[in-house]
Amino acid sequence: MAFQDVIGHNTVVNLLKRALVNQRVNHAYLFVGPEGVGKELIAVQFAKAINCLKDTDDSCGGCRSCRKFASGNHPDFQIIRPAENSIGIEEIRALQKDMVYKPYESSRKIYIIDDAEMMTPEGANSLLKTLEEPPEYAVLILITAQKDSILPTLISRCQLIQFSKLSQEELRTFLQNQSTDVEDLKLEEILQLAEGSIGQAFKLLEDGQIWDDRKLLLDFLFKLGDKTNLEIYELLQNLNLGKDLRQWDRLLRIVKTFYRDLMILKTMDEPDLVINRSYFADMQQIKSQYSGEDLEKVIKLIERTNNVIMTNVDRELAFEVMLHKIKARRM
Ligand SMILES: [Zn+2]
């Protein structure tokens, strides 16, 4: 894996390559952009290329440094990630202690801090001191999907590298490279559901649980009008929910896409815009059960429920209440 294997992000990759060729690699970068588009992957490729013994604009894959990257134990490279949802002062101090020593065998010592918004205020302030006077051999790459949560003084010390979502075509190329035996229909659905995120697309490709949950949920929504209170309660027990907020977010999005698709079929004649392609025929059949106004209200209710669930409260109860309200058309 090297820059040449990266899909999309041409502007970012070219910018980093130019820095390599011109030998103007900075001490600090902040990679900003949506979750799951490949920021960490590109940061690692950049680190590899910086320390590659062949001085080009990419890593060679064959030199001693590249081989150590590939085996996951390069002595001058580290990725720091949140432990238990934060990066505290201890982690930053450990990084600083390590940074005092010159590189063991490369020109640079490179540190990636993933989910940098998870740094505690103490951690961030401590890191700021490092960024004010970094050793000449140090390179820090901070990665975040939430720039607003990063200390502004930290941001001002970093070169900002902005990532955007991948296009449908780039995602399609990625998926086709990953796996050749995905059926066309499933591939289309993944592209629709992944919203430009390689991370999401990959998860959708690899994780059968999501498809099981989705099937359970969509089959249920088709018959929501006939479901009893107990059945609604049991649905929540059968879904693979837990403490992971992303899982809640994913399931709520599935619910939202269902009603959004009905809305599209109801109000426009645009089958290409339907996300849940494999349910197309069934949706055509039940779309008359809802008015356009109902569907608009349902979608707003789902958005409100998503906000509630993302903040705190009893998530299962909020999800259940939402289903009851949709069933009773009391949005
Ligand atoms: Zn190399």
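**A parallel sheet and a helix pair**

Strand 3 and strand 4 (residues 138–144) are paired in the parallel sense through 5 bridges, where two strands count as paired if DSSP finds at least two bridges between them, and where strands (E, at least two residues) and helices (H or I, at least four) are DSSP runs numbered from the N terminus. This is a predicted model, in which local features need pLDDT of at least 70 and side-chain atom pairs count only at pLDDT 80 or more, while totals for chains, interfaces and linings use all residues. Residues are numbered from 1 along each chain as its sequence is written.

Strand 3 (residues 109–113) is mostly covered, 5 of its 5 residues being buried, that is, having 20 or more other C-beta atoms within 10 Å of their own C-beta atom, which is placed from the backbone. In a regular strand the side chains alternate between the two faces of the sheet. In strand 3, Lys109, Tyr111 and Ile113 point one way and Ile110 and Ile112 the other.

These pairings are part of an open sheet of 5 strands with parallel pairing and the order 2-3-4-1-5. Strand 2 (77–80) and strand 5 (159–162) are its edge strands, each pairing on one side only. Strand 5 runs parallel to strand 1 (residues 28–32), to which 4 bridges join it, and valine 32 stands opposite glutamine 162 in strand 5.

The domain assignment, which is automatic or taken from a database, gives domain 1 (3–162) and domain 2 (207–328). Taken over C-alpha atoms, the centres of domain 1 and domain 2 are separated by 40 Å.

Helix 10 (residues 208–222) packs against helix 12 (residues 245–267) at an angle of about 40 degrees, with the axes 10 Å apart; the axes are lines fitted to C-alpha atoms over the stretch in contact, and angles run from 0 to 180 degrees between N-to-C directions. Helix 10 and helix 12 are therefore oblique to each other, since angles under 35 degrees count as roughly parallel, over 145 as roughly antiparallel, 65 to 115 as roughly perpendicular and the rest as oblique.

Note on methods. Buried ≥ 20, exposed ≤ 12 C-beta atoms within 10 Å, placed from the backbone.
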